[in-house]
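Q: Could we go through this model together? I would like to begin with its packing.

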Amino acid sequence: MWRIRHDHNHAQPHQAYDEFSLVLDPDVYEPLPDDWLIGITDVVSSTAAIRSGRYEDVNYAGASVIAALGNAWGSFDFPFVFRGDGAAFALPPHGIMAATSALRQVASFARSDLDLTLRIGLLTVREIRNSGRDVRIARYAASEKATYAMFAGGGLKWAEQQIKSGRYLVKPGRYATKPDLAGLSCDWTPFPSQRGEILSLLVEPSDHISPEVFAALGKRVLAVFDAAPRQSHPLPGGVPLSGESGKHVDAKGWSEVAANSDFRKFDDGLRLTLDCTPEQIDRVEAILVPARARGEINFGLHRQSHALMTCLVPSDRPDSHLHFLDGMGGGYARAAEMMEAGALDDVQHHAR
């Protein structure tokens with residue numbers, strides 16, 4: 001497992017936390033070494049693709065770099081996060097060839113096979129730190145078998161903004177081979193909400209808020225969702241109908257799928273996909289709207305009828321199968337759009 005040691009080849013915080021609210025605590029995060037690489041991908045014009053019904057393609061393109069890199073690297077033992085229309089990962093410096101190659105391959109694949117443009121970027125943790133941001137990681141054990149990386153320090157968000165503005169881009173290769181996407185699938189049909197709405201929620205701290213104040217606010221938000229059955233998990237409790245592949249999963253297998261899913265994560269802010277009632281959403285908005293007015297946070301949310309699941313069965317550890325969740329109606333991409341509009345409103349408001 002990825003350990004933070006300064007032999008530069010491994011990065012693993014010493015402990016995995018199995019209670020999600022603990023990942024809001026800044027003390028559980030450890031800095032990545034300066035020379036580590038950060039890779040970021042995102043689908044250009046993802047909301048337009050989603051509006052035309054291509055949400056599964058967008059999620060598949062988003063998760064593709066995780067599969068391609070793990071298969072090329074020979075291990076999925078590196079920190080990564082799925083973000084709906086893209087992903088981010090960290091790799092030690094000797095992984096530069098694998099990272100560059102995987103990024104080029106998935107961009108070429110997205111263009112040729114999915115008719116999507118995937119923006120790809122790569123930079124070092126040192127370059128992020130020079131901007132005044134940081135990249136720190138913690139481990140969250142979603143189950144005994146599935147551990148996800150959580151990222152803090154504002155570094156990924158800054159890097160993504162830089163890449164979107166044209167810096168740190170990886171030039172597409174002329175002769176990119178096909179990426180090895182073995183283990184990556186989206187066979188399941190979308191899952192309808194059982195409680196009213198599938199909510200995609202992003203909550204990010206403002207630059208000047210203390211991590212402790214943000215943690216307290218985040219815990220209030222999580223408490224609203226945790227009070228519901230199964231902590232507002234977006235996957236049904238019973239075994240659903242099988243996906244397009246016709247594969248069947250028994251009750252034990254399905255409970256493992258649900259347990260190994262990433263419906264809650266911390267990626268420079270809270271990133272949640274939940275099945276909840278309209279009343280829960282109202283209660284959370286009543287916490288978030290005043291906090292945004294105080295300049296402590298920004299947030300974006302999107303309501304939809306179904307959740308989507310993209311699955312990754314790592315070749316090196318098939319029992320630690322991972323399940324990436326997003327909302328079907330635009331999910332994180334639409335929530336991010338709302339958050340960007342809110343940030344713009346704030347800028348215009350202060351300019352008046």
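A: A nonpolar core is a set of buried Ala, Val, Leu, Ile, Met, Phe, Trp, Tyr and Cys residues joined through side-chain atoms within 4.5 Å. Buried means under 20% relative accessible area, exposed over 50%, and partly exposed in between (1.4 Å probe, protein chains only). This is a predicted model: local features need pLDDT of at least 70, side-chain atom pairs count only at pLDDT 80 or more, and totals for chains, interfaces and linings use all residues. Residues are numbered from 1 along each chain as its sequence is written, and side-chain values use heavy atoms, with hydrogens and water left out.

Q: Which residues touch the most other members of the largest nonpolar core?
A: Phe89 and Leu201 do, in a core of 86 residues.

Q: And what does leucine 201 touch, beyond four places in sequence?
A: Its contacts (heavy atoms within 4.5 Å) include Val221, Phe225, Leu288 and Tyr332.

Q: Changing topic: what is the strand order in the open sheet of four strands?
A: The order is S12-S13-S11-S14, with antiparallel pairing. Strands are DSSP runs of E of at least two residues, helices runs of H or I of at least four, numbered from the N terminus; two strands pair if DSSP finds at least two bridges between them.

Q: Which are the edge strands?
A: S12 (264-266) and S14 (297-304), each pairing on one side only.

Q: How many bridges join S11 to S14?
A: Eight, and these strands run antiparallel. Valine 203 has phenylalanine 299 in S14 as its bridge partner.

Q: Is serine 320 buried or exposed?
A: Serine 320 is buried, at 4% relative accessible area.
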